[in-house]
Amino acid sequence: KVFASVIKPKFANTIVRHLCKIAPLEDLRHVKRVKKKILPDHAYWTGEPQLTVILCLAPEHHDHLNDLPPDVQKLVDPYELNPFITEVCKYAAVSKEEWEKQSKIWPTSFHPPTYNIEGIGGFSEEDTQSICKFMRIVIDMAVSGHKPLVNAAVIVDPSVRRIIASETDQVYASSAPHDKTRAETRPFKETGKICLNDTLGKKNGSLSAVACLNPWQWSLQPHDTENCSQWHPLRHASMVAIESSSARDRHLFPNPSEFFDQDHVHPSNTDSPAKKQKTSSQGPDVQIDNREEVLGNLSMERPYLCTGCDIFLLLEPCTMCAMALVHQRIKRIFYAFPNLTAGGLGSVHRLQGAKSLNHHYAVFRVS
């Protein structure tokens with residue numbers, strides 16, 4: 001919500017200069033300060049455009065013009081302003097279609113991304129089928145062998161559509177580990193839509209053990225010697241999957257300095273996935289790493305964390321997990337259910353839009 005007012009064109013430059021000093025729109029730089037509208041011939045200002053300027057931000061929870069800041073209030077009488085409250089888009093558009101919708105509310109700027117991330121402009125039918133397959137694995141991991149429901153994470157190399165790591169929440173010691181072999185090598189059936197709405201129903205809607213939904217649940221456990229080992233505050237599904245991915249790399253490259261030069265480490269903005277391995281002959285859905293083959297190919301690029309990889313999650317990660325995925329250089333995140341209590345990718349916070357970060361990933365919700 002913002003305070004705005006129609007202004008006379010002859011005052012536009014002066015008013016905007018004043019407002020930029022006393023009420024800069026630091027968090028709304030994608031929003032144009034002035035909206036221009038061509039008036040019909042019978043309007044009061046015939047032949048002139050109608051200009052509406054954003055004065056400043058307005059309170060989110062109540063609509064009182066009395067909340068106009070004193071410095072802005074001083075401009076009302078001299079420039080014949082008539083303030084009112086309106087709405088503008090809080091976040092910058094990430095696609096041309098989104099920008100067109102935003103501009104119908106209030107003019108905004110659109111800068112196409114300079115990076116190339118598959119999916120920003122839509123997915124092909126083949127990509128859609130692949131996404132559904134990996135999300136189906138995530139669902140099976142979350143509901144199989146766990147009482148109550150837990151979050152599940154699958155890290156995938158999209159270049160060969162192979163699973164790098166697949167894990168579930170391990171906050172509680174009683175959490176039963178899933179059968180990763182079964183999850184990674186099970187055959188897929190070409191079915192239609194994923195029945196995500198039935199997933200929670202299978203567990204009677206119990207979400208008490210989902211770490212990202214209850215990031216402080218561990219602190220409520222009794223702090224005695226016997227129970228202290230029963231919980232862990234950091235072993236959310238994403239964090240455990242990252243650890244598993246790291247263990248995989250240490251297995252494939254046990255002594256990196258012996259095989260690779262440090263100058264071959266690739267930065268986070270590389271386009272190609274860094275974990276390309278030779279695929280097996282069992283089909284595109286089942287990929288198995290062969291340590292001897294990898295170490296025998298000395299010309300292979302050294303992996304740098306999870307650069308270029310995707311992660312699939314049942315529930316939107318919390319801010320801790322979202323930031324860990326930034327450090328891990330994940331390229332795309334897919335999740336099925338929003339996290340309304342602690343979500344870090346849109347529900348509560350929007351980490352992927354933080355300009356101060358040195359790496360950004362694309363986020364998709366599978367519904």
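Is F312 buried or exposed? F312 is buried, at a relative accessible area of 2%. Here buried means under 20% relative accessible area, exposed means over 50%, and partly exposed lies in between (1.4 Å probe, protein chains only).

1. Basis. This is a predicted model: local features need pLDDT of at least 70, side-chain atom pairs count only at pLDDT 80 or more, and totals for chains, interfaces and linings use all residues. Residues are numbered from 1 along each chain as its sequence is written, and side-chain values use heavy atoms, with hydrogens and water left out.

2. The five-stranded sheet. An open sheet of 5 strands runs in the order β6-β5-β7-β8-β9, with mixed pairing. The edges are β6 (162-168) and β9 (362-365); each has a single partner strand, so one side of each has no neighbour in the sheet. The twist averages 20 degrees from one strand to the next. Strands (E, at least two residues) and helices (H or I, at least four) are DSSP runs, numbered from the N terminus. Two strands pair if DSSP finds at least two bridges between them.

3. The β8-β9 pairing. Strand β8 (residues 332-337) pairs with β9 in the parallel sense, over 4 bridges. Y335 has R365 in β9 as its bridge partner.

4. Helix α4 on this sheet. Helix α4 (residues 125-143) packs on the sheet and touches β5 (152-157), β6, β7 (310-315) and β8. Contact means heavy atoms within 4.5 Å. The direction of α4 makes about 45 degrees with that of β7. Axes are lines fitted to C-alpha atoms, for helices over the stretch in contact, and angles run from 0 to 180 degrees between N-to-C directions.

5. Helix α7. Residues 237-252 form α7, which lies across β5, β6 and β7 and runs at about 135 degrees to β6. This helix has 16 residues and spans 23 Å from its first C-alpha to its last, close to the 22 Å expected. The expected span is 1.5 Å times one less than the number of residues. Buried residues in α7 include A237, V240, A241, S244, S245, R248 and L252. An α-helix has 3.6 residues a turn, so residues three or four places apart point the same way.

6. Aromatic pairs. The count comes to 7 aromatic pairs. Rings of Phe, Tyr and Trp (its six-membered ring) pair if their centres lie within 6.5 Å; planes under 30 degrees apart are stacked, over 60 edge-to-face, and the rest tilted. F123 and F334 have ring centres 6.0 Å apart and planes at 45 degrees, so this pair is tilted. F123 sits in the loop between α3 (96-105) and α4, and F334 in strand β8, so the pair ties together parts 211 residues apart in sequence. F123 is partly exposed at 30%, whereas F334 is buried at 1%.

7. The F312-F334 stack. These rings have centres 4.7 Å apart and planes at 10 degrees, so the pair is stacked. F312 lies in strand β7 and F334 in strand β8. Ring pairs link F123, F134, F312, F334 and F364 into a cluster.

8. The four-stranded sheet. A second open sheet has 4 strands in the order β2-β3-β1-β4, with antiparallel pairing. Its twist averages 35 degrees from one strand to the next. Strands β1 (residues 2-7) and β3 (residues 49-57) run antiparallel, joined by 6 bridges. V2 stands opposite L57 in β3. Helix α1 (residues 12-22) packs on this sheet, touching β1, β2 and β3.
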